Amino acid sequence: MRFTDTKSETLNLRVSPTFKQVLKEAADHEQRSMVNMLEVLLGDYCDRKGIVPPGQKAAPPAHKRARADRRAHVGAPA
């Protein structure tokens with residue numbers, strides 16, 4: 001899932017100093033901002049769980065898509 005709509009909402013979070021430091025390190029490692037890192041993590045989670053925003057077509061969760069892909073390749077010539 002990608003969040004492509006215009007950013008116009010504000011969200012204030014209180015987190016532990018450890019959470020903030022780990023988020024900053026993860027974001028720095030991926031060369032992202034902390035907000036973008038949270039968007040990527042949430043998008044990946046939603047993809048795995050089959051959660052979609054209102055108005056978008058639901059895709060099966062990632063683990064079910066992988067299982068379907070394996071079944072499609074069973075018996076296929078190598």
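Visitor: Which residues line the second largest pocket?
Guide: This is a predicted model. The lining of the second largest pocket consists of Met-1, Arg-2, Phe-3, Thr-4, Lys-7, Asn-36, Glu-39, Val-40, Gly-43 and Asp-44. By type, three are nonpolar, three polar and four charged.

Visitor: And how much space lies in there?
Guide: About 190 Å³.

Visitor: What volume does the largest pocket have?
Guide: About 710 Å³. The largest pocket has 18 lining residues, and those nearest its centre are Leu-11, Leu-13, Val-35, Leu-38 and Glu-39. The lining splits into 10 nonpolar, three polar and five charged residues.

Visitor: Where does the largest share of that lining come from?
Guide: From H2, which gives five residues. H1 and H2 each supply at least two.

Visitor: OK, H2 then. How many residues does it have?
Guide: Helix H2 has 16, residues 34-49, and spans 23 Å from first C-alpha to last, close to the 22 Å expected. After H2 comes Gly-50, with a positive phi near 75°.

Visitor: Which residues in H2 are buried?
Guide: Met-37, Gly-43 and Cys-46. Helix H1 (17-29) is part of what covers the buried residues of H2.

Visitor: Switching to Ala-27 in H1. Why does it count as buried?
Guide: Because its relative accessibility is 0%, and the cut-off for buried is under 20%.

Visitor: What does Ala-27 touch?
Guide: Leaving out residues up to four places away in sequence, Ala-27 touches Arg-32, Ser-33, Met-34 and Met-37. Ala-27 and Leu-38 are 8.6 Å apart, C-alpha to C-alpha, and 11 residues apart in sequence.

Definitions and conventions. Residues are numbered from 1 along each chain as its sequence is written. This is a predicted model: local features need pLDDT of at least 70, side-chain atom pairs count only at pLDDT 80 or more; totals for chains, interfaces and linings use all residues. Side-chain values use heavy atoms; hydrogens and water are left out. Helices (H or I, at least four residues) and strands (E, at least two) are DSSP runs, numbered from the N terminus. The expected span of a helix is 1.5 Å times one less than its number of residues. Buried means under 20% relative accessible area, exposed over 50%, partly exposed in between (1.4 Å probe, protein chains only). Contact means heavy atoms within 4.5 Å. On a 1 Å grid over the protein atoms alone, a cavity is a set of points where a 1.4 Å probe fits but cannot get out, and a pocket is an open set with protein on both sides within 12 Å along at least five of seven lines; lining residues have an atom within 4 Å of a point. Grid points are joined across faces, edges and corners, and a volume is the space filled by probe spheres set on the points. Ala, Val, Leu, Ile, Met, Phe, Trp, Tyr, Cys and Pro count as nonpolar, Asp, Glu, Lys and Arg as charged, and the others, Gly among them, as polar.
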